[in-house]
Amino acid sequence: MNDLAKRLAELPPEKRKLFVEALKRKGAQFNSFPLSFAQQRLWFLQQLEPDSALYTIPGILYLDGALDRAALERSLQALIERHEVLRTTFIGIDGQPVQMVQPAWRLALPLVDLQALSGAEQDTELRRLSVEQMSQPFDLAIGPLLRVTLARLHEAMPEGHPAPGTRDRHALLVTMHHIISDGWSLGIFVRELAALYQAQLASKHPGNGAPAATSTPLGPVGTPLPIQYADFARWQRERLQGSLLETHLDYWRQQLGGSLPVLELPTDRPRPAVQTFNGARCPLTLPQPLAAALTALSQREGMTLFMTLLAAFDVLLYRYTGQTDLLVGSPIAGRTRAETEALLGMFVNTLVLRTNLSGNPTFRETLQRVRSTALGAYRHQEVPFEKLVEVLQPERNQSHAPLFQVMFVLQSGELEPIALPDLMIRPEAVYSATAKFDLTLDLQETPDGLRGSLEYNTDLFDEPTIARMVEHLTTLLHNVVADPGQRIGALELLTAAERQQMLVQWNATRAPYPADQCYHELVTAQAERTPDAIAVVYEGAALRYGELNERANRLAHELQALGVGPDTRVGLCMERSPELVIGILGILKAGGAYVPLDPSYPQERLHFMLADAQMPVLLTQQRLRARLPQDVARIIELDAAWPRIALRPAANPPSAATPDHLAYLIYTSGSTGTPKGAMIPHRGLVNYVSWAAHAYHVAAGRGTPVHSPIGFDLTVTSLLVPLAVGQRVHLLPDAQALDGLSAALQPDA
């Protein structure tokens, strides 16, 4: 730890400026510089959540072969001396952050010995160490912002990566804060470390000659860098102002001004009020033939592969959300000048790519729209995302990221292994269990095709949901290649297995049912099998199946004497009571069809239904008579007329009704206009009753409560299904609250 950095960090903010000025007057050897725009945003985010490890960049370097630990340590130290950003800390002075470049920094390289562990245990422990290292927050004011640990592994070599002459294995765990590094920087770090390490060995054994690897593709590591990251930060601040900045900002104001849509993906859970960053990744592989076909399509259409893949991702989002105004973020290297290509530092910028998919365009037309958007963004890429948010001031909502909620990344390739004479260096990415956005599609071009992952927020999505999304994207890409002229709304997303499931398996609902019987015949047969079983329970009294069948038979004979037969509509205006059940069965046994009339309906609705259904007979109860019109052909008050009806025969009446005759007519609510009557035949009712009894395991229960109004079709399920399979129904009086349901279902004493 650097003493000066520590002293500065421990000072109160108001004293730091005075201390820095005093040190400068005394000729202290350190420099302070402004932060780049990207660094400044990360600094502010770290102040808001000082214990957060969200902005760390981890990696593992597997070192297979003869390792000189001292040479590796000197190489790391040389890398720190070469790149000032690796020995930079960040403090606030007068409320504004500055970066302090320290003159020197000694980095520790701790060693962890894992040789005693088995292969599986070793991998698990190595991952744990890596997660532990990346999960420790950095102190930007004190540093260091680079953390390394060397792990000694057992001798077993990974298949396909032999190193000549030795079986030693190590792993170097590397973690940097994003404020001093980015993805491009990690590649520079690996290549320069390899070159410096080989240079160290060459100087230790001069007889071997200076190896060619002392130079990297980005320049000789022994040559001082022409600029440092702090120079870039100062240049960026000086350049992006005045007319140049306004020209760029005018473009982005036109693209992103006003209210921006939030991408409403169908999530497995509601979006939390405050955005979370818990994440996971679902792997994605596009085989070489498909990748080659996508590349060929891009070339034919005058596109880059990036544009084609982004267009397909846009289409997927459109198909999932139905939204045509889509905003997707995408990183860009941000190294627009040759001097920056060899620097470690935070250069990456994020572009917001807004595409309009209205009008159901073809995929070929979508490509043109994406191309236009991308080229415009590239021309104005100098404006840092942080500056864009500052200027546009989008409406902030803590539940999601500003401007966009999904990211798309395409990288040209993975970090390749580096072969030294006695050592193989194999870089490997390490993924933390975080997600900065709802979704991030991350792809890399490899010789075997496109590989990557779909990163997702685990507080929004479950793994099976994302796995299906990956399959849908793959299917979509195959169909895009096959016919880019298709409308995007017609492009197939479903896999063959999903199509089979949705179109065949889920529709394979055919099951045997008594198609040759009417509903009342099911209840009659049940009454003959179990005449003493309880059928209806009401206010402590019970009506058995034999009694129910007998009373319904007497009513049926009465109705037949009044001319009721097949398809005759009989009104039924009753409160929940045993008379209601007797009325339904009596009408059906007579051959007629019942029309439920809820007594709570307004009189205007009752008048309309009576007139529309043209019912010659209406069954009701004495207390409800006053609510009904007087011009109905025949009204029977079932409770008052029962002494006369009870004299009718108790035997099952003959009936001419068949399964194709009407069982009941039920009216819609009329919420969207005039109520409409739906006519249900016996065949349809028996079909539904048979299915529901099986699906809801009605026969295995203790009965079903009936608490819905007679005019609501839920009553068909709760009342008619149990009676068809010998179960009891519990009728809750209209005045009884729903909290009586549990009491109604208590087992009999």
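Tyr229 and Phe232 are both buried in this predicted model. The two residues belong to helix H7 (residues 229-239) and stand 3 residues apart, about one turn of the helix. An α-helix has 3.6 residues a turn, so residues three or four places apart point the same way. The whole structure contains 14 aromatic pairs. In the pair formed by Tyr229 and Phe232, the ring centres are 5.5 Å apart and the planes meet at 50°, so the arrangement is classed as tilted. Ring pairs extend this into a cluster made up of Tyr229, Phe232, Trp235 and Phe347.

A further aromatic pair, between Phe608 and Tyr667, is edge-to-face, with 6.4 Å from centre to centre and 75° between the planes. Phe608 is part of helix H18 (residues 603-613) and Tyr667 is part of strand S24 (residues 662-667), so the pair ties together parts that are 59 residues apart in sequence. The two partners were also assigned to accessibility classes. Phe608 has a relative accessible area of 29% and is therefore partly exposed, whereas Tyr667, at 8%, counts as buried.

Charged side chains are also placed over aromatic rings. The charged end of Arg147 lies over the ring of Phe138, at 4.0 Å from the ring centre. For Arg605, the charged end sits over the ring of Tyr601, with 4.4 Å to the centre.

The protein as a whole comprises 22 helices and 27 strands. Of its 749 residues, 51% are buried. The accessible surface amounts to about 34000 Å², and carbon and sulfur atoms contribute 52% of it. Among contacts between residues at least 6 apart in sequence, 75% join residues at least 24 apart.

Helix H12 (residues 385-392) is mostly covered, with 6 of its 8 residues buried. These buried residues are Phe385, Glu386, Lys387, Leu388, Val389 and Leu392. Their cover includes helix H3 (37-48), helix H8 (242-256) and strand S12 (349-356). Gln393, which follows H12, has a positive phi near 45°.

Leu522 provides a case of contact between separated parts of the chain. This residue lies in helix H15 (residues 519-529) and, at 13% relative accessibility, falls under the 20% limit and therefore counts as buried. With residues up to four places away in sequence left out, Leu522 touches Pro514, Gln517, Val686 and Ala724.

Several loops carry backbone features. The peptide bond from Gly143 to Pro144 is cis, with omega near -10°, and Pro144 is located in the loop between helix H5 (119-135) and strand S6 (146-153). Asn360, a residue other than glycine, has a positive phi near 50°. Asn360 is situated in the loop between S12 and helix H11 (363-379) and is partly exposed, with a relative accessible area of 29%. Gln614 likewise has a positive phi, near 55°, in a residue other than glycine. The loop that holds Gln614 runs between H18 and strand S22 (617-620). At 64% relative accessibility, Gln614 is over the 50% limit and so counts as exposed.

Technical notes: Residues numbered from 1 in each chain as written. Predicted model: local features only at pLDDT ≥ 70, side-chain atom pairs only at ≥ 80, totals over all residues. Heavy atoms only, no water. Helix = DSSP H or I, 4+ residues; strand = E, 2+ residues; numbered from the N terminus. Buried < 20%, exposed > 50% of the residue type's maximum accessible area, 1.4 Å probe, protein only. Contact = heavy atoms within 4.5 Å. Phe/Tyr/Trp six-rings, centres within 6.5 Å; stacked < 30°, edge-to-face > 60°. Lys NZ or Arg CZ within 6 Å of the ring centre and 35° of its normal. Areas by Shrake-Rupley, 256 points an atom, 1.4 Å probe, with all protein chains shown as cover.
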